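Take a look at the structure below.

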Amino acid sequence: MVEGAPRGGRLFNGLVDGGPGALFIVIYLFSRDFRVATMVLVAAAGVALAAMLIVERRFRPLPTTLSLVAIAFGGASLILRDPQILKMKMSIVDGLMGAALFVGLVIGKNPLKLLLGSTFALTDKAWATLAVRYGLFWWACAVANEIVRRTQSDHTWVLFRGGAIAAAVLFALAQTPFILKHNALAEKAAGSPPGPGV
């Protein structure tokens, strides 16, 4: 896409990134119909992709990938009339993301740094610490999802999915002090950043 294209604000990005999943939960809780909620999820993921292209004039890698995965798993779940296919998405995606972080650390290509390196000025050691934390968190989510989806009802799984989203937000917030501390240290080491208007 066009370099330097205008980007949406935080609210827009939040809606694009988390809107489809949140809408799936809300629709299910109102309708108690897993199939209807899945249809809404697939449609919302498609709208999120279109909105990203129209507003930002580009596709951001992570939300684009998650939207395409939601469409693929949701579509397969609808076609095959098997809710377990959609439920497996969290296990597979979180498991792969955790694995990607650890593989990246082994080969010296930290995916978190590649994605967020332009946002935060952290040392390689700090980026590695964050990668390990997120990798373990995502693997824990994948394991928990497998247990819940195999042993609990659709309703319980949807409640768990909502709790997992809340846990991800809280986990990210819990990393803020660490990021701010090491971001400040990195900026101090690199010298004062340019002021506004430079």
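The model is predicted.

Start with two helices. Two packed helices are described by the angle between their axes and the distance between the axes. Helix α4 spans residues 83–107, and helix α7 spans residues 154–174. Angles under 35 degrees count as roughly parallel, so α4 and α7 are roughly parallel to each other. Their crossing is left-handed.

Which residues make this contact? From α4 come Pro83, Lys87, Lys89 and Met90. They meet Asp154, Trp157, Phe160, Arg161 and Ala164 in α7. By class, the contact has five nonpolar residues and four charged ones.

Now the charges. Side chains of opposite charge can pair when their charged atoms come close. How many salt bridges does a search of the whole structure find? The count is seven.

One of them belongs to the helix pair above. Lysine 87 forms a salt bridge with aspartate 154, and their closest N and O atoms are 2.4 Å apart. Lysine 87 lies in α4 and aspartate 154 in α7, so this pair ties together parts that are 67 residues apart in sequence. Are the two partners buried or exposed? Lysine 87 has a relative accessible area of 1%, so this residue is buried. Aspartate 154 has 27% relative accessibility and therefore counts as partly exposed.

Move to another part of the chain. Aspartate 17 and arginine 60 meet through their side chains in a salt bridge, at 3.2 Å from N to O. Aspartate 17 sits in helix α1, residues 10–31. Arginine 60 sits in the loop between α2 (34–56) and α3 (61–80). The pair therefore ties together parts that are 43 residues apart in sequence. Arginine 60 is buried, with a relative accessible area of 13%. Aspartate 17 is at 41% relative accessibility, so it counts as partly exposed.

A further salt bridge joins the side chains of arginine 58 and glutamate 56, at 3.6 Å from N to O. Both arginine 58 and glutamate 56 are buried.

How values were computed. Residues numbered from 1 in each chain as written. Predicted model: local features only at pLDDT ≥ 70, side-chain atom pairs only at ≥ 80, totals over all residues. Heavy atoms only, no water. Axes fitted to C-alpha atoms, helices over the stretch in contact; angles between N-to-C directions. Helix = DSSP H or I, 4+ residues; strand = E, 2+ residues; numbered from the N terminus. Parallel < 35°, antiparallel > 145°, perpendicular 65-115°, else oblique. Left-handed = near helix turned anticlockwise from the far one by under 90°. Contact = heavy atoms within 4.5 Å. Nonpolar A, V, L, I, M, F, W, Y, C, P; charged D, E, K, R; others polar. Salt bridge = Lys/Arg side-chain N within 4 Å of Asp/Glu carboxyl O. Buried < 20%, exposed > 50% of the residue type's maximum accessible area, 1.4 Å probe, protein only.
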